[in-house]
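This report goes through selected helices, loops and the ligand site of one protein model. The sequence and structure come first, and the notes follow.

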Amino acid sequence: MSAVPGITLNDGKTIPQLGFGVYQIKPGETAEAVSSALEVGYRHIDTAEMYGNEKEVGEAIRASGLDRGDIFVTSKLNNSFHEPGDAREAFDTTLSDLGFDYVDLFLIHWPLPTKYNGDYVSTWKTLEEFQSDGRARSIGVSNFQIEHLERLAAETGTVPAVNQIEVHPYFTNGAVRGYGQEHGIATEAWSPIAQGKVLDDPAITQIAEKVGKSPAQVVLRWHIQRGDIVFPKSVTPSRMKENFELFDFELEPTDIDEITALDRGEDGRTGPNPDTFAYVPS
Ligand code: NAD
């Protein structure tokens, strides 16, 4: 039995609250990293077409001998393929690269409001097709702002199951997270430890000393107690293990509040602002 709690999504499916992210893991290192993560106990892998390592994720899952049904796999649509015909082809490629006949969750990676005439709505309707035909068990979005979510609500029939957004102590992204809570959209917190940048913060190191855990464990536990889904990335097995050991301690409400108060607003982002991000790989 895994200690990792499941979160029930608005479509009735369950996602493990803690997973393993593979952003910036080179294809040549991905199979080994994912194999190690599965050995540690992770059963949820977060990849994307733009990470260029879907093939290796699939390989490692097959080599593990675990049942496909026991592992939750997420991938995301490449920014180059928002037009419906392109999105259909890209999704076929994602499935064939992974070597699976379905993904558990498929996301629009970025809204790109300044590209494609601002039309992420027809892209979303294309993801609805993938869910209807059973090849994406759940569908969601990533980096969507409130305005983008409101537009989907007004113009389409499906509420995204998740919104995967940047969230960590220096950028708590409260308004978008709050919109998700009000509308049944689970928040997935990307760069949950801000790629390591929050780990030296005195507020965090002091709490870590008090509870006898590492700074990374404290920050990940903060996310877990706030109810968000996280998938920290590491290629180091000892860190994968450390990041997985979050369920034998609890933070006090005052610790949670102290960490939340580290928020720096827009200045705290480590990644781009989704309102202006317009990167489309050629
Ligand atoms: P992260 O916050 O998980 O930090 C990862 C880095 O922190 C590692 O490279 C390592 O250097 C360090 N680290 C990991 N564990 C540590 C530990 N225990 N102690 C000390 N240092 C440690 O950052 P991330 O990889 O950017 O985010 C996690 C996942 O989120 C990604 O792999 C990806 O799946 C997802 N993501 C999604 C988007 C998006 O646009 N949807 C953007 C970025 C990341």
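## Loop residues with positive phi

Asn117 counts as exposed, at 84% relative accessibility. The model is a predicted one. Asn117 sits in the loop that runs between E6 and H4. Its phi is positive, at about 55 degrees, although Asn117 is not a glycine. Most residues other than glycine have a negative phi.

Asn143 also has a positive phi, of about 65 degrees, and is not a glycine either. The loop that holds Asn143 lies between E7 and helix H5 (146–155). Is Asn143 buried or exposed? With a relative accessibility of 3%, Asn143 counts as buried, whereas Asn117 at 84% counts as exposed.

## Helix H3

Helix H3 spans residues 84–98, which makes 15 residues. From its first C-alpha to its last, H3 reaches 21 Å, close to the 21 Å expected at 1.5 Å a residue. The buried residues in H3 include Ala87, Ala90, Phe91, Thr94, Leu95 and Leu98. These residues are on the same side of H3 because they cover an arc of only 140 degrees around the axis. Turned away from this buried side is a face that carries the exposed residues Glu89 and Ser96.

Which elements cover the buried residues of H3? The cover includes two helices, H2 (54–64) and H4 (121–132). It also includes the strands E5 (72–77), E6 (103–108) and E7 (136–142). Just after H3 comes Gly99, with a positive phi of about 80 degrees.

In H5, the buried residues are His148, Leu149 and Leu152. Viewed down the axis of H5, they fall within an arc of 100 degrees, so they line one face of the helix. Glu147, Ala153 and Ala154 are exposed on the other side of H5. The elements covering the buried residues of H5 include H4, E7, strand E8 (162–166) and helix H6 (174–183). H4 and E7 are also among the elements that cover the buried residues of H3.

Helix H10 covers residues 253–260, and Asp255, Ile256 and Ile259 are buried in it. Their arc around the axis is only 100 degrees, which puts them on the same side of H10. The exposed residues Pro253, Thr254 and Asp257 are carried by the face of H10 turned away from the buried side. Helix H7 (202–211) and helix H8 (215–226) are included in what covers the buried residues of H10.

## Three further loop positions

Asn78 has its place in the loop between E5 and H3. Its relative accessible area is 10%, and Asn78 is therefore buried, the cut-off being under 20%. Which residues does Asn78 contact, leaving aside its neighbours within four places in sequence? They are Glu49, Met50 and Pro281.

Ile193 is located in the loop between strand E9 (186–190) and H7. Ile193 is buried too, with a relative accessible area of 15%. Apart from neighbours within four places in sequence, Ile193 is in contact with Val198, Leu199, Ala216, Val219 and Leu220. Ile193 and Ser36 lie 157 residues apart in sequence, and their C-alpha atoms are 20 Å apart in space. Gly12, in the loop between strand E1 (6–8) and strand E2 (14–16), is exposed, with a relative accessible area of 53%. The C-alpha atoms of Gly12 and Ser138 are separated by 9.2 Å, while the two residues are 126 residues apart along the chain.

## Ligand site

How many residues surround the ligand? There are 25, and the closest are Asp46, Ser142, Ser191, Gln195 and Asn243.

A polar side-chain atom of Ser191 is 2.8 Å from an oxygen atom of the ligand. For Lys233, a polar side-chain atom lies 3.0 Å from a ligand oxygen atom. Pro192 takes part through its backbone: a polar backbone atom of Pro192 is 3.3 Å from an oxygen atom of the ligand. On its own the ligand has 830 Å² of accessible area, and the protein covers 89% of it.

Methods
Residues are numbered from 1 along each chain as its sequence is written. This is a predicted model: local features need pLDDT of at least 70, side-chain atom pairs count only at pLDDT 80 or more; totals for chains, interfaces and linings use all residues. Side-chain values use heavy atoms; hydrogens and water are left out. Helices (H or I, at least four residues) and strands (E, at least two) are DSSP runs, numbered from the N terminus. The expected span of a helix is 1.5 Å times one less than its number of residues. Buried means under 20% relative accessible area, exposed over 50%, partly exposed in between (1.4 Å probe, protein chains only). The arc is that of the directions from the helix axis to the C-beta atoms. Contact means heavy atoms within 4.5 Å. A residue is near a molecule or strand if one of its heavy atoms lies within 4 Å of it. A polar contact is a pair of N or O atoms within 3.5 Å; within protein, one must be able to donate a hydrogen and the other to accept it, and residues adjacent in sequence count only if both atoms are side-chain atoms. Accessible areas come from the Shrake-Rupley method with a 1.4 Å probe; for residues, only the protein chains shown count as cover.
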